[in-house]
Structure formats: structure tokens, C-alpha cells
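Dear colleague,

Please find below the sequence and the structure that I promised to hand over. My notes on what was found follow directly after them.

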Amino acid sequence: MASDGKGTSETAKLRRGFGWIAALGVILVLAGLVGLIYTGVATLTSMLLFGWLLLIGGAVGLLHAIQARGTNFFWLGVVVAALNIAAGVVVIRRPEAAAEALTMFAALLFLTGGVFRLVGSLVVRGPQFGWTLVQGAFGLLLGILVLASWPSSSKYVIGCFFSLALLFDGLGLIATGYGGRRIVGMVSDRLTAEGDAQSGTSESTTKPVQPE
């Protein structure tokens, strides 16, 4: 009985944990949908979050560098931490300019990635030729579209990507939470059925034989 109670408690904890994962996924999906509607706000929010992450990461790196001051990597750690802090301050104070710079960088990445995929697919012509060709053309077209409307495109490109990332991450967490709860329930039901079968077998074998 004690083992059954412990197993039930562990099963309830697992189901509760997967339930929290699914709830977090729902929150991320809602945030992603809101961000896709208000892309300008999502862009500024993502830039501010990025700036604060740089600032906090630089402060933590500076503390680690101070703790390791007697090693050969002390000055390297100080320089990297100072650069992160400076970049964080700039991004927080000028989020619009940071969004423009990141949008330009993203467009250049799309362009170069699309060109390399197109050339690679045409030269190699491997088993994934068609898919690679489509990916390269899509990346090239996306980079051209973003650059053609830059810097006005910086108001929505970063926010759109950030919101899509939240949306897909949320859907993944919902699928993980729902699937985890379902698997835990199936395993629990199977173990319960096996335990009932074993208890029934043990009762039948230990039942005393009545004299005739």
C-alpha cells in the first residue's frame, strides 16, 4: 500500500509538472500572437530585453574576471565584459538604432545564406536539391525585401521574428506538456493493471483448499 501511495504521488507530480509546461506554452503562444499584431511594440521589447541581457551578462562576466584576476585570461575577460556592458547600454538607450542595425545584419545574413544555398544546390545537385534550392531562393528574396524597405522595415522585422520564435516555442511546450501527461497517464494505468493482476494471482495461489 505504501508503494502504491508513493507511486501515485510521483505520478501526480509528473502530471503536474507537464501541466505547468503546457501552461507556459500557452502563455508564450499568446505573447507571440500579441507580438505579431503589435510588431512595433514587440521590436522595442525584444531590443530592450536584448540590451538588458547584454548588460547583465557583462556584469556577471566582469565579476568572474575579478574573481579570476591572477590568471592569464583576466584582461580578456575584462575586455569582453566591458564590451558587453557598453553594448547593453547603447541598445537600452537607443533601441530604434539597435533594431535598424540588427535588421541590416539579418538581411545580409539572409542574402549571403540564400546565395550560398542556391550556388551549392546548383553545383552539388544532391538528393535534397529541390528543397535546398527553395530555401536559397526564399532566403535571397527575404533579404532583398528587407533591404529594399530598410530602415522602415526595422520597425517590424525583429519583432516579427521574435514573436514567431515565441509562438513556435510555445506550441512545442504545449505539445511536450500534453504528450507528457498522456504518456504518464498511460504508464500509470498499465502499472495499475499489472499490479491488480499480480495481486489477484497471489490471492488465488495463497487461498487455502477447503477439505471435502
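From the N terminus on, the elements of the protein run α-α-α-α-α-α, and the count is accordingly given as 6 helices and 0 strands. Please keep in mind while reading that this is a predicted model. Of the 212 residues in the protein, 22% are buried. Among contacts between residues at least 6 apart in sequence, 81% join residues at least 24 apart.

I will begin with helix α3, which covers residues 74-93. Its 20 residues reach 29 Å from the first C-alpha to the last, and this is close to the 28 Å expected at 1.5 Å a residue. The buried residues of α3 are F74, V78, A81, G88 and V91. Seen down the axis of α3, these buried residues fall within an arc of 165 degrees, so they line one face of the helix.

For helix α2 (residues 39-67) and helix α4 (residues 95-124), the axes come within 9 Å and cross at roughly 95 degrees. Since angles of 65 to 115 degrees count as roughly perpendicular, that makes α2 roughly perpendicular to α4. On the α2 side the residues involved are T43, L44, M47, L48 and F50, and they meet P95, E96, A98, A99 and L102 in α4. Sorted by class, the contact of α2 with α4 has 8 nonpolar, 1 polar and 1 charged residues.

Two further positions in α4 may be of interest to you. T103 lies in helix α4 and counts as buried, because its relative accessibility is 0%. Leaving aside neighbours within four places in sequence, T103 is in contact with V146, W150, S153, S154, V157 and I158. R117 also has its place in helix α4, but at 40% relative accessibility R117 counts as partly exposed. Not counting residues up to four places away in sequence, R117 touches T132, Q135 and G136. The C-alpha atoms of R117 and A137, which are 20 residues apart along the chain, are separated by 8.1 Å.

G17 has its place in helix α1 (residues 2-37), and at 30% relative accessibility G17 counts as partly exposed. G17 and G177 are 160 residues apart in sequence, and from C-alpha to C-alpha they are 8.1 Å apart in space.

How values were computed: Residues are numbered from 1 along each chain as its sequence is written. This is a predicted model: local features need pLDDT of at least 70, side-chain atom pairs count only at pLDDT 80 or more; totals for chains, interfaces and linings use all residues. Side-chain values use heavy atoms; hydrogens and water are left out. Axes are lines fitted to C-alpha atoms, for helices over the stretch in contact, and angles run from 0 to 180 degrees between N-to-C directions. Helices (H or I, at least four residues) and strands (E, at least two) are DSSP runs, numbered from the N terminus. Angles under 35 degrees count as roughly parallel, over 145 as roughly antiparallel, 65 to 115 as roughly perpendicular and the rest as oblique. Contact means heavy atoms within 4.5 Å. Ala, Val, Leu, Ile, Met, Phe, Trp, Tyr, Cys and Pro count as nonpolar, Asp, Glu, Lys and Arg as charged, and the others, Gly among them, as polar. The expected span of a helix is 1.5 Å times one less than its number of residues. Buried means under 20% relative accessible area, exposed over 50%, partly exposed in between (1.4 Å probe, protein chains only). The arc is that of the directions from the helix axis to the C-beta atoms.
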